[in-house]
Amino acid sequence: MSNAVTLSLYVGPAIALPAPRALVEALTEVTVHAGSAGEDGFELKFSVGHDSSMLQTVFLLSGGAVPPLIRVVLAVTVSGTTEVLMDGLVTQTQIAPDTGSGPTQLVVRGRDISHAMDSVDLSGLFLYPAMPLEARVALILAKYMVLGVIPLIVPTPTMDINNPLERIEQHWGTDLVYLRDLAAMSGYTFYMEPGPTVGTSLAYWGPVLRIGPVQKALSVDMDAETNVESVNCSFEHDSAAMPIVSIENPFTRTPPIPIPLGLINPLDPPLGLLPPVPKNFEIIDDSAGKGFPRALMQAWAYQAASNRSVIAEGTLDALRYGGVLKPRRLAGLRGVGTAFDGLYYVEHVTSTLRRGEFKQNFKLVRNGLISTIQRIPV
């Protein structure tokens, strides 16, 4: 088994191809940030020598403008396994001249492939007569399959179809804005995940999943099995909320009846035995007019987001870890004490690669202290 880390760089207009050797040799640092909070993106730093014609050709046009749809794919191989870290589009290039502290650098920044969906405002240009949310999502994503986008759509708990004689839904905003708005209507999320192979990305539209396979454990202070360089754990007592959903009878139009959700949330299975006591009781806006199943999904999503009271932040060495820690999945943490050991949801990961070094900064969250399982998968 190889104990080295290999980075593969692919660049091209719309379709990324293996980068020329000169381009790879000029690359000095790679940063990729991905997770549930904020936009996924990347930053590449190149050393600009006397002959920078290759960098100029690939990333710059006359005047310093960024060419449209310059695609960058980053894949890393650790312990014989290859993972796609980023599949994105360049949004900015910057030259940092040599001021005596180091060589001139070309800095290239970009966002994930969803940036292609956020360029043109299509408000009012498309109509969706008698189409449920899932059908609209599928129709929008279909035109991006040429970029290797693979739709992964989870049906909503209810199928709302408007009578076209009474109302016809129309598109508003960019495709990305509209997809996220449709997701928010049902308490869902929308994001792009690079891979599983170079040149493809999964377009996920569905609930935030805090279940599934568990990644390799993050180990602290465990001698040869230690793979975490630093970690800081905290417990936020006042973060938890218990949303209130209003139910209205559509026939009698009686005043809405407020119903608190309770502590059981199928979108947020307990990862800790001792959850925080809810201190915020907020009525979900317009829940009475949305239908109970849809309002319930929104309230569950809000509750799950607020109940991330246990937080672990730290840094790991990917080579010692033996792989790539991926966001939006579960991972085990051990060696930090009874209160904080156990399974977590990986909310955010920032990966940094330099020659001979691959570090990952991570943020893990869960909804209670003390693990719900006795043994953590390693």
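**Cavities, pocket and ring pairs in a predicted model**

Strand S6 (81–96) gives four residues to the lining of the largest cavity, the most of any element.

Residues are numbered from 1 along each chain as its sequence is written, and side-chain values use heavy atoms, with hydrogens and water left out.

The chain has six helices and 22 strands; helices (H or I, at least four residues) and strands (E, at least two) are DSSP runs, numbered from the N terminus. Of its 378 residues, 48% are buried, where buried means under 20% relative accessible area, exposed over 50% and partly exposed in between, with a 1.4 Å probe and protein chains only. Among contacts (heavy atoms within 4.5 Å) between residues at least 6 apart in sequence, 70% join residues at least 24 apart.

Now the cavities. On a 1 Å grid over the protein atoms alone, a cavity is a set of points where a 1.4 Å probe fits but cannot get out; a pocket is an open set with protein on both sides within 12 Å along at least five of seven lines, and lining residues have an atom within 4 Å of a point. Grid points are joined across faces, edges and corners, and a volume is the space filled by probe spheres set on the points.

There are two cavities of 30 Å³ or more. The largest holds about 190 Å³. Strands S3 (27–35), S6 (81–96), S11 (189–194) and S20 (342–354) are the elements that each give two or more residues to its lining. That lining has 19 residues, with Ala34, Val84, Leu85, Lys326 and Pro327 nearest the centre. By class they are 10 nonpolar, three polar and six charged; Ala, Val, Leu, Ile, Met, Phe, Trp, Tyr, Cys and Pro count as nonpolar, Asp, Glu, Lys and Arg as charged, and the others, Gly among them, as polar.

The second largest cavity has a volume of about 50 Å³. Its lining includes Arg210 and Tyr345. The charged end of Arg210 also sits over the ring of Tyr345, 5.4 Å from its centre; the rule asks for NZ of Lys or CZ of Arg within 6 Å of the ring centre and within 35 degrees of the ring normal. Lys216 is placed over the ring of Tyr321 in this way, at 5.8 Å.

The largest pocket has a volume of about 520 Å³. It is lined by 27 residues, and Ser36, Tyr188, Thr189, Phe190 and Val208 are the closest to its centre.

Last, the rings. How many aromatic pairs are there? The count is four, taking rings of Phe, Tyr and Trp (its six-membered ring) with centres within 6.5 Å, and calling planes under 30 degrees apart stacked, over 60 edge-to-face and the rest tilted. Tyr128 and Tyr178 are stacked, 5.7 Å centre to centre with 15° between the planes. Tyr128 is in strand S8 (residues 127–128) and Tyr178 in helix H4 (residues 175–185), 50 residues apart. Trp172 and Tyr178 have centres 4.6 Å apart and planes at 80°, so that pair is edge-to-face. Tyr178 is buried at 0% relative accessibility, whereas Trp172 is partly exposed at 30%. Tyr128, Trp172 and Tyr178 form one aromatic cluster.
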